[in-house]
Amino acid sequence: DRTGVTGPQGFFDTGSGGVPDWTFNATLTYQTGPVQVRLQSRFISAGKYNNDRIGPDDSRYEEAIASCATAPTGALCANTINDNTVDSAVYFNLSASYDVVREENGLNFQIFGTINNLLNAEPPLAPDGTYYTNPVLFDQIGRYFRAGFRMNL
């Protein structure tokens, strides 16, 4: 059960991570004549690092900590973690294009550019320090650029 897990639980074991409680995507586009500008945003809600761990936000935490005194190798004690949360993240991408030539039944030529992760937002770090973040959900690269042209004959 990986519902609500945004940490790397399972990703490095099985190649798939958890599923956040909420994700939102939004796009705002402005176009006038041959120019188009688009702002995209992507939000990933806060979640848990690992559903198998018991952190201070879990109702079983006090019981698990108490069990450490009597059964330090017991399942409850072994599964405790100081922080079982992963922060939310939001990313913005900005792109623009310009239609140099636009004919109905002929040559179409467009130039474009994109800035991914416009604000250079860092991914939220996982609390254990072993695996820092879930690479499926969160941007690992930071801000990067893309440019090119498209042509139809």
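Predicted model: local features only at pLDDT ≥ 70, side-chain atom pairs only at ≥ 80, totals over all residues.
The phi angle of Asn117 is near 55°, a positive value in a residue that is not glycine. Most residues other than glycine have a negative phi. Asn117 is buried, because its relative accessible area is 2% and the limit for buried is under 20%.

Asn120 belongs to the loop between S6 and S7 as well. Its phi is also near 55°, again positive in a residue other than glycine. In its cover, Asn120 is partly exposed, with a relative accessible area of 38%.

Thr114 counts as buried, since its relative accessibility is 9%. Which residues does Thr114 contact, leaving aside its neighbours within four places in sequence? They are Leu94, Ser95, Tyr144, Phe145 and Arg146. Strand S5 spans 89–102 and strand S7 spans 144–152, so the contacts Leu94 and Ser95 fall within the range of S5, and Tyr144, Phe145 and Arg146 within that of S7.

The largest nonpolar core has 9 residues, namely Ile44, Tyr49, Ile81, Val86, Ala89, Tyr91, Ala126, Leu137 and Phe138. In soluble globular proteins, nonpolar side chains tend to be buried together. With neighbours within four places in sequence set aside, Ala89 is in contact with Arg42, Phe43, Ile44, Pro124 and Phe138. Of these contacts, Ile44 and Phe138 are themselves members of the largest nonpolar core.

Nonpolar side chains also occur on the outside. A nonpolar surface patch is formed by Tyr30, Val35, Val37, Tyr98, Val100, Leu107, Ile111, Phe149, Met151 and Leu153, which together have about 980 Å² of accessible area. Strands S2 (35–44), S5 (89–102) and S7 (144–152) each supply at least two residues of the patch. Tyr30 is found in strand S1, residues 23–32. At a relative accessible area of 54%, Tyr30 is exposed, because the limit for exposed is over 50%.

Aromatic rings make a further set of links. The structure holds 3 aromatic pairs. One of them joins Trp22 and Phe24 in a stacked arrangement, with 5.8 Å centre to centre and 5° between the planes. The pair counts as stacked because planes under 30 degrees apart are classed that way. Trp22 counts as exposed at 55% relative accessibility, whereas Phe24 counts as partly exposed at 46%. Ring pairs link Trp22 and Phe24 with Phe43 into a cluster.

What, finally, of charged side chains? Side chains of opposite charge can pair when their charged atoms come close. The structure holds 1 salt bridge, in which the side chains of Asp58 and Arg60 meet at 3.0 Å, N to O. This distance qualifies because a salt bridge needs the nitrogen within 4 Å of the carboxyl oxygen. Asp58 is buried, with a relative accessible area of 14%, while Arg60 counts as partly exposed at 35%.

Definitions and conventions: Residues numbered from 1 in each chain as written. Heavy atoms only, no water. Patch = residues over 30% accessible without salt bridge, like charges linked within 9 Å, V, L, I, M, F, W, Y side chains within 5 Å. Areas by Shrake-Rupley, 256 points an atom, 1.4 Å probe, with all protein chains shown as cover. Helix = DSSP H or I, 4+ residues; strand = E, 2+ residues; numbered from the N terminus. Buried < 20%, exposed > 50% of the residue type's maximum accessible area, 1.4 Å probe, protein only. Contact = heavy atoms within 4.5 Å. Core = buried A, V, L, I, M, F, W, Y, C linked by side-chain atoms within 4.5 Å. Phe/Tyr/Trp six-rings, centres within 6.5 Å; stacked < 30°, edge-to-face > 60°.
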